[in-house]
Amino acid sequence: MKFFIDTADLAEIQEAGEMGVLDGVTTNPSLMKIAAEREGKPLDFHEHIAKICDMVPGDVSAEVTAVDFDGIMEQGRTLAAIRDNVVVKVPLILDGIKAINALAQEGIRSNCTLCFSPTQALLAAKAGAAYISPFLGRLDDISSDGMTLLQEIIEIYDNFGYTTEVLAASIRHPMHVVQSALLGAHVATMPLGVIKKLLVHPLTDIGLAKFMNDWETFKQHQSG
Ligand code: G3P
């Protein structure tokens, strides 16, 4: 399973990268806004994406802000030209599906975002998206079931052998990661806080504290 970090914050990407478990990055306009606020200065979008691409070996999703076919195509081509590992993030709307298909014909990979139904995911795969991003947490937020959506997409894609990778997005906690892995999602994108929580177990901390304590006692009993 690939791990992507869901952020545009360079320090967070650096920190996750140092763990050696990072396979890529997903960004969106909201995450760009947060990154600019944290840096306390305006950011050049394309320069910022280039910096992110140079920090990670894997795919970096950069989102278009146009919602019409021509605008999505123009922005998509510009974003794809930044670096080879840019994946153009396109919203799941009619012109977005058309653009995903046209971009694929030009050899430009896309991440189809804001997916909330299996029918949307089916269209994205047929159009030729490289990734589909079902938003798990946002469905849970409205008392729906993000995991059911993920399961349905994986089953449908398996039925027909679609090569579109399923990217579990809007992940809020470690159980989302566990369930996505059990279902066979190709990728999970998550905030740095969730990546760090994957490491934590109180029995590890308690066990380590006891080992350290016992080691000190052992050293006091050593001869010589
Ligand atoms: O990449 C976008 C997606 O992960 C959004 O997550 O937490 O804003 O619902 P969230």
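Student: Which residues in α8 meet His176, Gln179, Ser180 and Leu183 in α9?
Tutor: This is a predicted model. Look along α8 for side chains that touch α9. Facing His176, Gln179, Ser180 and Leu183 of α9 are Met147, Leu150, Gln151 and Ile154.

Student: How do the residues of that contact divide into nonpolar, polar and charged?
Tutor: Sort the contact of α8 with α9 by class. No charged residue takes part. The rest divide into four nonpolar and four polar.

Student: What is the angle between α8 and α9, and how far apart are their axes?
Tutor: Two packed helices are described by the angle between their axes and the distance between the axes. Here α8 covers residues 146–160 and α9 covers residues 174–183. They pack at about 20 degrees, with axes 10 Å apart.

Student: Is α8 roughly parallel or roughly antiparallel to α9?
Tutor: Start from the angle, about 20 degrees. Angles under 35 degrees count as roughly parallel. So α8 and α9 are roughly parallel.

Student: Is α5 roughly parallel or roughly perpendicular to α6?
Tutor: Helix α5 spans residues 94–105, and helix α6 spans residues 118–127. Their axes lie 8 Å apart, at an angle of about 25 degrees. That angle makes α5 and α6 roughly parallel.

Student: Which residues of α6 does α5 meet?
Tutor: From α5 come Ile97, Ile100, Asn101 and Ala104. Their partners in α6 are Leu123, Ala124 and Ala127.

Student: How many residues of that contact are nonpolar?
Tutor: Between α5 and α6 there are no charged residues. One residue is polar. The nonpolar residues number six.

Student: What is the angle between α6 and α8?
Tutor: These two helices also pack together, with axes 9 Å apart. Their crossing is right-handed. The angle is about 35 degrees.

Student: How many charged residues are in the contact of α6 with α8?
Tutor: On the α6 side are Pro118, Ala121, Leu122, Ala124 and Ala125. On the α8 side are Leu149, Glu152, Ile153, Ile156 and Tyr157. Nine of these residues are nonpolar and none is polar. Glu counts as charged, and the charged total is one.

Student: How far is an oxygen atom of the ligand from an N or O atom in the side chain of Asp6?
Tutor: Residues around the ligand include Asp6, Lys89 and Arg172. A polar side-chain atom of Arg172 is 2.8 Å from a ligand oxygen. For the side chain of Lys89 the distance is 3.1 Å. For the side chain of Asp6 it is 2.5 Å.

Notes: Residues are numbered from 1 along each chain as its sequence is written. This is a predicted model: local features need pLDDT of at least 70, side-chain atom pairs count only at pLDDT 80 or more; totals for chains, interfaces and linings use all residues. Side-chain values use heavy atoms; hydrogens and water are left out. Axes are lines fitted to C-alpha atoms, for helices over the stretch in contact, and angles run from 0 to 180 degrees between N-to-C directions. Helices (H or I, at least four residues) and strands (E, at least two) are DSSP runs, numbered from the N terminus. Angles under 35 degrees count as roughly parallel, over 145 as roughly antiparallel, 65 to 115 as roughly perpendicular and the rest as oblique. Contact means heavy atoms within 4.5 Å. A residue is near a molecule or strand if one of its heavy atoms lies within 4 Å of it. A polar contact is a pair of N or O atoms within 3.5 Å; within protein, one must be able to donate a hydrogen and the other to accept it, and residues adjacent in sequence count only if both atoms are side-chain atoms. A crossing is left-handed if the near helix is turned anticlockwise from the far one by less than a right angle, and right-handed if clockwise.
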